[in-house]
Amino acid sequence: MQRQGQLRSPRASQPLSPESSDGGAMGNWRGLKGALHHVLWRQGSLVPDLPQVAREWSAESSKVLYNTHGWGAPYFSINEEGHLTVSPSGDEREVDVFKLVQALHERGLRTPVLLRFLDIVGDRIRHLNQAFHTAIERFEYKGAYRGVFPVKCNHDKDLIRSIIKHGEKYGFGLEAGSKAELAMVMSVLAPHPGSILVCNGIKDAEYMELVLHCRELGINAFVVLEQYGELATLLAVSERLGVRPAIGLRAKLTTQHKGHWGSTSGDKAKFGLRAREVVAVVNQLADADMLDCLQLLHFHSGSQITSIREVKEVMRESTYLYAELVKMGAGMKYLDVGGGLAVDYDGSFTDTPASMSYTIQNYANDVVSATQEVCIQRGIEPPTIISESGRALASAHTVLVFDVMSKPHGIRETEKREEEAELMERVASANLDDTAASAAVRAAARPPTLTRAWGRAAKDGKGAFLMSTFKEVFDSIKPDDSSLREAFTDATYFKDEALRAFKLGVLGLEERAAIETMHDATCERIRAVAEAHNLPLPDALRPTSIPGPKQLYHVNMSVFRSSVDVWGISQLFPLMPIHRLEEEPTIMATLADLTCDSDGKVDRFINPAVRGRPPFIVEHVVRGETVAEVLSRAHHHQPDMVKAVRRAADAAVAAGGLGADAAARLLETYSKRLTGYTYMEARGSF
C-alpha cells in the first residue's frame, strides 16, 4: 500500500493519467500547492559490482501497490493488460479507462477530461438503502428510512437527475443549503410530488417563500431553523402566504468528533439551536397554535466521521432530544441524522482522517438501534430516519484524467549515473592535491553532459578536499545498517559544508555542482546496497521522505479548478496511472499543474441492457469553456479585447514596425486562441 505523499507510476515518456474525485489516494495523496504529488519511480543506478535482485512485476503487483482492493472495490481495478478499469454497477461488467480515453481522442476530445460514471451513484444509493433495510429488519424497527442528497456536494445537473432517477423507488430526496440551490432543486423535484426536501442554511423571507411554494407543489419541504431568529420570519411569511410550513430544528449537540472536520461539530458549531433556544421555539409555536408543524429534528455531527464510536455517541444525545420534543407536544415524525458517513479514501480501514473504521452496514445498524432503543424506553412512535450522505454517494463516480505535458529537460538518468561513476573514478585516480583534483575534474568533463563545465569548477582547488572526502565516504559503504546510516550522515554533512562554502564565496558554482553529483552518487549507492541486502534505509532516504532530487513533470490540469480540495483542505484523493500498470515504477518525480481555470467533461454510462461484457457508451459530451468564456467572468469581453489588439496592430503597421500581412496573421492567431481551451494542447495521444 502506498504511503503518504508518494505515488508510483511508469516511465514518464508516456502520458501519466491519474484518477481523481471524492475517492482516496493510492497511498495518501496530499496537497498539490504549486508543485504537487510525489511519484516514485526507479531507474538505472550507480551500483558497481552489486548483485541484481530479480523481480517480476505484473498487474497484480500494481493492485497491491495502489491498494485498489482497499479504496476502489468493487468499482475500480486493474486488468491483465495493465489498464485501470471501472465497473459502474459493481459487477463483472467493466470499462477499460485507457481504451475509453483513446476512443475519446479519436473523436477529437483531448485531456483533461472528467469522466462521470453515474451508475456508481445508483449502486451506492442501492447499497445505502439496502443497509438501512437490513438494519430495520434486524432490530424490528417500525419506522422507515429516507435518504436525501446534499446538493452542495456536487451541483452537476446530470448527477442530481441521476440521483432522483436511481433513488425514486427508495423515496430518495434532496437537501438544499442556499436560495440558489433551492431554486435549482425546486425545478428538479417539481415533477416528483411527495419527495422529501430538507432546506438548511441561513434563511431570509425570500428563501422561506420558496420553501412554502414547494409545499404548494406537493413537495414535502422542511424549513430547518438554524437560528432562533428565523422563526419569527417564517411565521410572518407563512401568515402572508396562507401556507402552513413543515418545520425542522437543527440542534447544536455537544458531542464533537475528532476528525478533519471536527471543528464543525459540538456546541461551537456554526449552525444550530442550543437547548434553551429549542425550548423557546417550542413555546412560541405552541402560543401560535402551530406546534403540530414542528415535525423534524436535524443535527450535523460533522463530515467524514471516521470512528463508529462517535456515531454511537451523537445518536444517544440526539434520540433523547427527539423524545423530549415528542413529550412537549411537537408533531415529530422525522429524525434527520445529517451527514458524516465517511469514505475510505486510502483503503486502510482505520480511523485516520482519510479513512473509516466501519462499514455502511455498521453505520445503519447503530443509527437504527439507537433510535429504536429510545423509542421503546419512552413509548413513542419511531420516526422516519433521514440521512444526508453526500461524499458516501458521489465520491467514487468521477474520474479526472489528465496527461503529462512536459518531462524534465535536465540530464537523463543514465547520463547522470555515467557522470557520477566517471567523476568518482577520476577523483580516485588523482593525487589529492589541488592541482590533481582540478585535473581530475577536467578529465571527467566530456560533452554533451554537465561534466563539460567541471574542468573549470575546481581550477583553484577549493573543492578538492570535499570531493576527496566524498570519495572516501562512497568507498566506505558496506552492507550493514550502521555503515549505511554513517555514510548518509557524512554525505549530508559534507554537502551542507559545500553549500556554506558557496554562500561565503569560497566555492564556485561548478565545484558545488560536482559535489552535489557526488552526493547523489553516494545516496544512490546506499539505496542500492540496502535493496540488494534487504537492509533498512536511513529515514531520510525512505520513499515516504521523497529523497533526492525529483524530476518535475507538468501535467495538463488545474488544481484550483479540478482538485481544489487538495489545495484548500489537504483532501486526499486516489491518484494513479491508467495504463502500463503491468510495468514496475522506476522514476522519482513531482507533478506540477498548469494553474489554468477551465474544464472539459464527459458524462457516460454503462449500458445495463447489454448482456455479458458490454461496450462502453459515451452518452453525451459537455465541452469545456473557451478562453473567452473564462475571461468573460471577470468582465473581459471578447469583442473589446479583439478591438484593443486590432488598434495596436494598426498602429504598429502605420508606424512601419509591422507589415500588413503580419498584422493580419497576428489578429487571426489572437482570435483563434480566444476561442480555444485554456488547457494545453497535448503533444500526442495515449
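The following dialogue explains how to read several features of this predicted model.

Q: What does the secondary structure of the chain come to, and what share of its residues counts as buried?

A: The chain holds 23 helices and 19 strands. Of its 686 residues, 53% count as buried. The accessible surface comes to about 30,600 Å², and carbon and sulfur atoms account for 51% of that area.

Q: How many of the contacts between residues at least 6 apart in sequence join residues at least 24 apart?

A: The share is 76% of such contacts in the chain.

Q: In what order do the strands of the open sheet with E2 stand, and how are they paired?

A: The open sheet has 3 strands in the order E2-E3-E4, and the pairing is antiparallel. Strand E2 (76-78) and strand E4 (95-96) are at the edges; each has a single partner strand, so one side of each lacks a neighbour in the sheet. Strand E3, residues 84-86, is joined to E2 by 3 bridges. Within this pairing, Thr 85 of E3 is the bridge partner of Ser 77.

Q: Which residues have the most contacts inside the largest nonpolar core?

A: That core has 84 residues, and those with the most contacts inside it are Phe 132, Phe 149, Leu 174, Leu 197, Leu 285 and Met 315. Apart from neighbours within four places in sequence, Met 315 is in contact with Phe 299, Leu 335, Val 337, Asp 366, Val 367, Ala 370 and Thr 371. Another core, of 26 residues, lies apart from the largest one; Val 95, Val 113, Leu 115 and Val 399 are among its residues.

Q: How many disulfides does the count come to?

A: In general, a disulfide is a covalent bond between the sulfur atoms of two cysteines. In this structure the count comes to 0 disulfides. As for individual cysteines, Cys 153 is partly exposed, with a relative accessible area of 37%, whereas Cys 523 is buried at 5%.

Q: How many salt bridges does a search of the whole structure find?

A: The general idea is that side chains of opposite charge can pair when their charged atoms come close. The search of the whole structure finds 19 salt bridges. One of them joins the side chains of Lys 179 and Glu 206, at 2.8 Å from N to O. Lys 179 belongs to helix H6 (residues 179-189) and Glu 206 to helix H7 (residues 205-216), so the pair ties together parts 27 residues apart in sequence. Lys 179 is partly exposed at 34% relative accessibility, and Glu 206 is partly exposed at 48%. A network of salt bridges links Lys 179, Asp 204 and Glu 206.

Q: Are Arg 250 and Glu 226 buried or exposed?

A: Both residues are buried. Their side chains meet in a salt bridge of 3.3 Å, N to O. This pair links distant parts of the chain, 24 residues apart: Arg 250 lies in strand E10 (residues 246-250), and Glu 226 lies in the loop between strand E9 (220-225) and helix H8 (230-241).

Q: Where do Glu 516 and Arg 512 lie?

A: Both are in helix H18 (residues 509-532), 4 residues apart, which is about one turn of the helix. The side chains of Glu 516 and Arg 512 form a salt bridge at 3.4 Å, N to O. Glu 516 is partly exposed, with a relative accessible area of 31%, and Arg 512 also counts as partly exposed, at 24%.

Technical notes: Residues are numbered from 1 along each chain as its sequence is written. This is a predicted model: local features need pLDDT of at least 70, side-chain atom pairs count only at pLDDT 80 or more; totals for chains, interfaces and linings use all residues. Side-chain values use heavy atoms; hydrogens and water are left out. Two strands pair if DSSP finds at least two bridges between them. Helices (H or I, at least four residues) and strands (E, at least two) are DSSP runs, numbered from the N terminus. A nonpolar core is a set of buried Ala, Val, Leu, Ile, Met, Phe, Trp, Tyr and Cys residues joined through side-chain atoms within 4.5 Å. Buried means under 20% relative accessible area, exposed over 50%, partly exposed in between (1.4 Å probe, protein chains only). Contact means heavy atoms within 4.5 Å. Accessible areas come from the Shrake-Rupley method with a 1.4 Å probe; for residues, only the protein chains shown count as cover. A disulfide is a pair of cysteine sulfur atoms within 2.5 Å. A salt bridge is a side-chain nitrogen of Lys or Arg within 4 Å of a carboxyl oxygen of Asp or Glu.
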